[in-house]
Structure formats: structure tokens, C-alpha cells
Amino acid sequence: LKIKQIERELDNVRKEISEAGKNTEGLKPLLLNAITLIQNNIKASLPFKTEERLADIEKIKSQLENDLVSPQKALALTWNAYSDAIRMSKENGIFKQTIKIDGQDRLAEVARIGTVAMFFKLPDDTVGQASKDTKGWYYKEAVSKTEKEQILALFDSFKKQIRSGYFTLPNTIVMTETK
């Protein structure tokens, strides 16, 4: 679903760009809109290196607004940001990232499963997952023995280069009620 959403946004950007034609000044507002869309997408998706990814997008936006790059160059950079978002949704792996847990910033290994789920492991073998509520994303420590074993097994498999197959994992689906 995430891939389709990003591809739809990309198709809309393509259409708008083709309508703007070769007028480079016509590209600028379209690119600013595309940049806003990708920023919103990053903010709503898993908290995977969010600050770094948003900083990269903000840099493109700032350079475009201050005419430090041509609209064509900004288009290529924005296009790459969309490509990265699509690539992330297809990619599973272990990465290092600073997470905030119990009010403290901690360096953790994170196992990201596309843009569907993200689990963490701290150096002291504390494990858990990224969860979302109405306030946004947060990191929740696994409390049950079963959940801990499942997450540790995922990290172990990823370290052994086993990235596909059947894994039993804690439920990460976010359920929200709409009124």
C-alpha cells in the first residue's frame, strides 16, 4: 500500500511537471509542492532516520527557494527522495539509530521490515518495537518473554543474512478509531 501511495504521488508530480513544460519557473511551485508531499510522507512513516531524511529534503527546498540550484537539479534531487522512499518500502535490514526510550536518547540496532514494522535492540538486550498513537511515534519495550524471543530471533536471523521466510513477530499493526 505504501509503495502504491508513493507511486501515485510520483505519478501526480510527473503529470504536473509535464504540464509545466519547459518553463523552468513553472517547475518551482510544482517542486515545492512535491517536496511538501514527501516531507509529510516521511513524517507519517516509520521513525527510521526521520530527522536525517527530513534535513535532506529541507536542504533541497532551501536551495530551490534561494535559487542555489536550478529547478532541473532540484527535480533530480526530489526524484531521488521519492525513489529512496520506494526502495525503503522494499528493503529489510538492521541499521544503527538513536532512539528515545524512557526519555533518554539511546543508540540502538533497529530491524526495519520495509515500511511496515521496526524493532529495536539496545546493547543491554532490551528489545521492543516502534509504535504509533494519536501523539505520534514512540518506542515500546517488549514485556512478555514470547515477544522478546521473537524479536531476538528476528535480529539473529538478519545477522545471519536470513531476510526472507516465515517469522513470527509481535503485532505491530496500529489500530485507530475514526469518529
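Modeller: Helices are DSSP runs of H or I with at least four residues and strands are DSSP runs of E with at least two, both numbered from the N terminus. This is a predicted model, in which local features need a pLDDT of at least 70 and side-chain atom pairs count only at pLDDT 80 or more, while totals for chains, interfaces and linings use all residues. Residues are numbered from 1 along each chain as its sequence is written, and side-chain values use heavy atoms, with hydrogens and water left out.

Biologist: Where is aspartate 125, and why is aspartate 125 called exposed, partly exposed or buried?

Modeller: Aspartate 125 sits in the loop between strand E3 (117-121) and strand E4 (127-133). Buried means under 20% relative accessible area, exposed over 50% and partly exposed in between, with a 1.4 Å probe and protein chains only. Aspartate 125 has a relative accessible area of 46%, and is therefore partly exposed. Its phi is near 70 degrees, a positive value in a residue other than glycine.

Biologist: What is the phi of aspartate 67, and what makes this residue exposed or buried?

Modeller: Aspartate 67 is not a glycine, yet its phi is positive, at about 55 degrees. Most residues other than glycine have a negative phi. Aspartate 67 lies in the loop between helix H3 (50-65) and helix H4 (71-90), and its relative accessible area of 55% is why it is called exposed.

Biologist: How do you know that strands E1 and E2 pair, and how many bridges join them?

Modeller: Two strands pair if DSSP finds at least two bridges between them. Strand E1 (residues 92-101) and strand E2 (residues 104-113) run antiparallel and are joined by 10 bridges, so they meet that definition. Isoleucine 101 has glutamine 104 in E2 as its bridge partner. The two strands form a hairpin with 2 residues between them, and aspartate 102 in the turn has a positive phi of about 55 degrees.

Biologist: Where is confidence lowest and highest among the elements of the protein chain?

Modeller: The predictor's confidence in each residue is the pLDDT, from 0 to 100. Confidence is lowest in helix H1 (residues 2-20), at a mean of 79, and highest in E3, at 95.
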